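Hi,

Here is the structure I promised to pass on.

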Amino acid sequence: MAEQRNNGAVPRRKRLLTGLRPTGKYHLGNYVGTFEKDLELQNSGEYDCFFLVADFHALTTGYETSREIGDDIREGVLDFLAVGIDPSRSTLYLQSLIPEVSELFLLFTMLVSANRAQRIPTLKEQVRDLKLDSASLGLLNYPVLQAADILMVRGEVVPVGRDQLSHIELTREVARRFNQLYEPVFPEAEGLVGRFPKLPGTDGSPKMSKSLGNTILLSDTAETVRKKVMSMYTDPTRLRATDPGHVRGNPVFTYHDAFNPNHEEVQDLKARYTKGRVGDVEVKQKLVAALNTFLEPIREKRAELERQPGYLEDVLAEGSRKARVEARVESMA
Ligand code: TRP
């Protein structure tokens, strides 16, 4: 096909958007689940990146503790910037500072039936996990609000956790419906899942999660990381270092795979572990070293940002100003 010239204009870069629920400090599971992908795509230079702090989304379940949300936003944004999200290249903004998101959400609620929203699998999970009697309208509308986030900036690529793919599907339906009924304004977004969609917890349960208390935080000190790793769950069938051990399903090795860049060392440890030629202590000590090497630059960056009063507020205010311009662009058709 002939190269598209676009009347001499530079072709528009693809739009990337993703949202973060501000739940306070983030952990290693958040990193390999989505942050890593966000960073990679930001740094590739191929995307126009929008990252939104979804404070309304956090309220759908955290409305009773809404006073804490300011701190949660602060801690979360510090982590997000510390891993390398760069406000001079990407637009980082706060959902509630863009009234147009709420307006678009309201309009989209007309296009989604209550039945359709009730069939979204994350809804049942939330109701079950949070032991709710039934879902609030806010919670039912959670994915519709997410569609408004994405479509407001006409996002095409959306890095998300695997459980969020059903929300991206709904976003595509809303876009199609809108485009058919009115004007072809919105693209159909595509979800992108990270390298380790589910990192196990330090206790061996399938998911690292704050509510389970099995996390390693991006801001943990080297000593905290050491303590957490040294008491991690390993292979329960292995009683002595000379017993052959299991590598699969062993979170210590999953973390090695995710965070230890020295593949030879990891292969060697796995080989010796399955033959009963290495103790858990050595495997864990090497993991502590790898994790602290990975986390050290993040901690340093975080500390540097914390020393600049008003910095976060400025980043969010400036990003929200830019995002708001997007919201006000007239029809793209
Ligand atoms: N629901 C997402 C989560 O829980 C957060 C989110 C809000 C989001 N708005 C978004 C993700 C828009 C992608 C796009 O992780």
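Let me start in the sheet: Gly19 has Leu52 of β2 as its bridge partner. Before going further, a word on the basis: this is a predicted model, in which local features need pLDDT of at least 70 and side-chain atom pairs count only at pLDDT 80 or more, while totals for chains, interfaces and linings use all residues. Residues are numbered from 1 along each chain as its sequence is written, and side-chain values use heavy atoms, with hydrogens and water left out.

**The strands**

Strands (E, at least two residues) and helices (H or I, at least four) are DSSP runs, numbered from the N terminus. Strand β1 (residues 14-20) runs parallel to β2, and seven bridges join them; two strands pair if DSSP finds at least two bridges between them. Along this pairing, Phe50 in β2 is the bridge partner of Leu17. On to the next neighbour: β2 also pairs with strand β3 (residues 91-94), again in the parallel sense, over four bridges. Buried means under 20% relative accessible area, exposed over 50%, and partly exposed in between (1.4 Å probe, protein chains only). β1 is mostly covered too, with five of its seven residues buried.

Together with helix α1 (residues 28-44), β1 and β2 form a right-handed β-α-β unit. Right-handed here means that, with the strands pointing away from the viewer, the path from the first strand over the helix to the second runs clockwise.

**The ligand**

Some polar contacts (pairs of N or O atoms within 3.5 Å) may interest you:

- Tyr142: a side-chain N or O atom is 2.7 Å from a nitrogen atom of the ligand.
- Asp149: a side-chain N or O atom is 2.7 Å from a nitrogen atom of the ligand.
- Gln146: a polar side-chain atom lies 3.1 Å from a nitrogen atom of the ligand.

The protein buries 88% of the 370 Å² that the ligand exposes when taken alone (Shrake-Rupley areas, 1.4 Å probe).

Best wishes

How values were computed:
Polar contact = N/O pair within 3.5 Å; in protein donor to acceptor, adjacent residues only side chain to side chain.
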